Amino acid sequence: MRTAIIGAGIAGLAAAVRLAVQGHEVEVFEASASSGGKLSEFSLGDYRFDLGPSLFTMPQYVDELFELAGEKPKDRFSYQRLPIVCNYFWEDGTRIHAHAAKEDFAKEVEKVLDVPASRIIRILADAEKKYHVSGRTFLEKSLHKLSTWTNMEVLKALFKIPQLDLFRSMDAVHRRELQHPKLVQLFNRFATYNGSNPYKAPGLLTIIPHFEHHFGAYLPEGGMYSISQSVYELARRQGVKFHFNTKVDEILVTKGAATGVRTGNETHQFDQVVSNMDVFFTYRKLLPQQRQPERILAQQKSTSALIFYWGIKKRFPELNCHNILFSEDYPAEFAAMERGEMSDDPTVYINKTSHLVPGDAPEDCENWFVMINAPCDAGQDWELLQQQTRQRAIAKINNILGEDLEPLIEEEWTMTPPIIQTKTGSHLGSLYGTSSNSKMAAFMRHPNFSHRISNLFFVGGSVHPGGGIPLCLLSAKIMSEMVEHSH
């Protein structure tokens, strides 16, 4: 079937590969000049930066695309596992190195916090159990098809719902299991992986540490951008045709079925259409005459971010590839974001790929991707918030690292929620579509297909199963299986 894909983000690229492998004739329409979406790159002077996602987990979903196409992944796409997933810092001088190996991580916690290693082993084992009970249901299958719920494995999983902590918050589970406040804070930060609030998000999200400490955290050779670039090249080898600088203005619908797309004054006929565009804008801009799923589109958005890209003319050996500098009052930080405000004491995340990719910064320098969680755009004064947050972040970094950072910043650019919406098409600058702050959140995400328009499908972080690279890749897998079964 002739298939149009709107958007060349990682989910659109994965969808293109999967559908091309199935034998469909695939064309991708991308409004910008290149592929990748959030997984893009840019340079400031002699410093290279990845625009968006900085953490790579579950690389098997990328490898699978090459295997489906009959290629060996390692011939086309290389990555290395990080021995330390993240370094954690507190302002009282406490530092924890989160080793990828769970036993080493547990020993580190015991040494630093005097907390029995068994607590870490136990909560990671609980995360693994929850993943095996629910992961394949909630992440790898459509929650909007009857066939999912008549599957025997899924029915077995439903009987184990009481074990999944769906009716407790992440924070409540972590306080119950970990007890030490710093350890609770460390594990609560995993809620930010999908832009949620650990004090509201269901305890099922305590499965997230399993992704890092079982499947591992990785950095691709050449940085995160090489993920999207390698999948783009794979799609081209599969015969996918790309139209860059080509904005889709409308999805054509005839007698209740998607029949093509319109770009400017041109119409293009297709048998099916896949949107990798944010689902909010897909309806508002491309399907304005169709009935809108208002309840879904009105859901609370995930958090956004203020991101500072800094070229730093010094090396900091105490910083690893991923680093978290915690706020003193985590509940207050999330309460501020719920009010649409920035915290006076924000947690600061620092990523530097130059730690492992020397060409990303000049000699004895580092490329810092500094991210502070922020509410999505509701008309705040982002210029003022950007200035205030920058000062607070630098003060925290100075205090923890014992450094005067300001004179070391020789290159700088900043993204605010409005800029994130403009550059990536994410509604209100939300990084992960809707939030996961309720026990029904997984069921309330938009499905990977349209109930009312046949031959119309959806992929990407704003639809099921959610945001982040692994889930975007899974959205393409779920969609392609639907197409295969329906035809």
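Student: Which residue forms a salt bridge with Lys200?

Tutor: This is a predicted model, where local features need pLDDT of at least 70, side-chain atom pairs count only at pLDDT 80 or more, and totals for chains, interfaces and linings use all residues. Residues are numbered from 1 along each chain as its sequence is written, and side-chain values use heavy atoms, with hydrogens and water left out. A salt bridge is a side-chain nitrogen of Lys or Arg within 4 Å of a carboxyl oxygen of Asp or Glu. With its closest N and O atoms 3.3 Å apart, the salt bridge of Lys200 is to Glu338.

Student: How many residues apart in sequence are the parts that this pair ties together?

Tutor: Helices (H or I, at least four residues) and strands (E, at least two) are DSSP runs numbered from the N terminus. Lys200 is in the loop between helix H9 (181-188) and helix H10 (208-215), while Glu338 belongs to helix H14 (residues 330-338). The two therefore tie together parts whose separation in sequence is 138 residues.

Student: Does Lys200 count as exposed, partly exposed or buried?

Tutor: Buried means under 20% relative accessible area, exposed over 50%, and partly exposed in between (1.4 Å probe, protein chains only). Glu338, at 36%, is partly exposed. Lys200 has 39% relative accessibility, so Lys200 counts as partly exposed.

Student: How many residues apart are Arg48 and Asp360, which form a salt bridge?

Tutor: The closest N and O atoms of Arg48 and Asp360 are 2.8 Å apart. Arg48 is in strand E4 (residues 47-50), and Asp360 is in the loop between strand E17 (348-351) and strand E18 (366-374), so the pair links distant parts of the chain. Both residues are buried. Their separation is 312 residues.

Student: How many salt bridges are found in the whole structure?

Tutor: The Arg48 and Asp360 pair is a salt bridge, as is the Lys200 and Glu338 pair. The search of the whole structure finds 32.

Student: How many residues apart in sequence are the parts tied together by Lys314 and Glu403?

Tutor: Lys314 and Glu403 form a salt bridge, with the closest N and O atoms 2.5 Å apart. Lys314 lies in the loop between strand E15 (304-312) and strand E16 (322-325), and Glu403 in the loop between helix H15 (382-401) and strand E19 (409-415). The parts that this pair ties together are apart in sequence by 89 residues.

Student: What is the phi of Lys255?

Tutor: Lys255 sits in the loop between strand E11 (250-254) and strand E12 (257-263). At 85% relative accessibility, this lysine counts as exposed. Although Lys255 is not a glycine, its phi is positive, at about 50°.

Student: Which residue in E9 is the bridge partner of Thr57?

Tutor: Two bridges join E5 to strand E9 (residues 217-220), and these strands run antiparallel. In E9, the partner of Thr57 is Ala217.

Student: Which side chain makes a polar contact with the side chain of His268?

Tutor: His268, in strand E13 (residues 266-269), has 18% relative accessibility and so counts as buried. A polar contact is a pair of N or O atoms within 3.5 Å; within protein, one must be able to donate a hydrogen and the other to accept it, and residues adjacent in sequence count only if both atoms are side-chain atoms. At 2.8 Å, the partner side chain of His268 is that of Thr263.

Notes:
Pairing = 2+ DSSP bridges.
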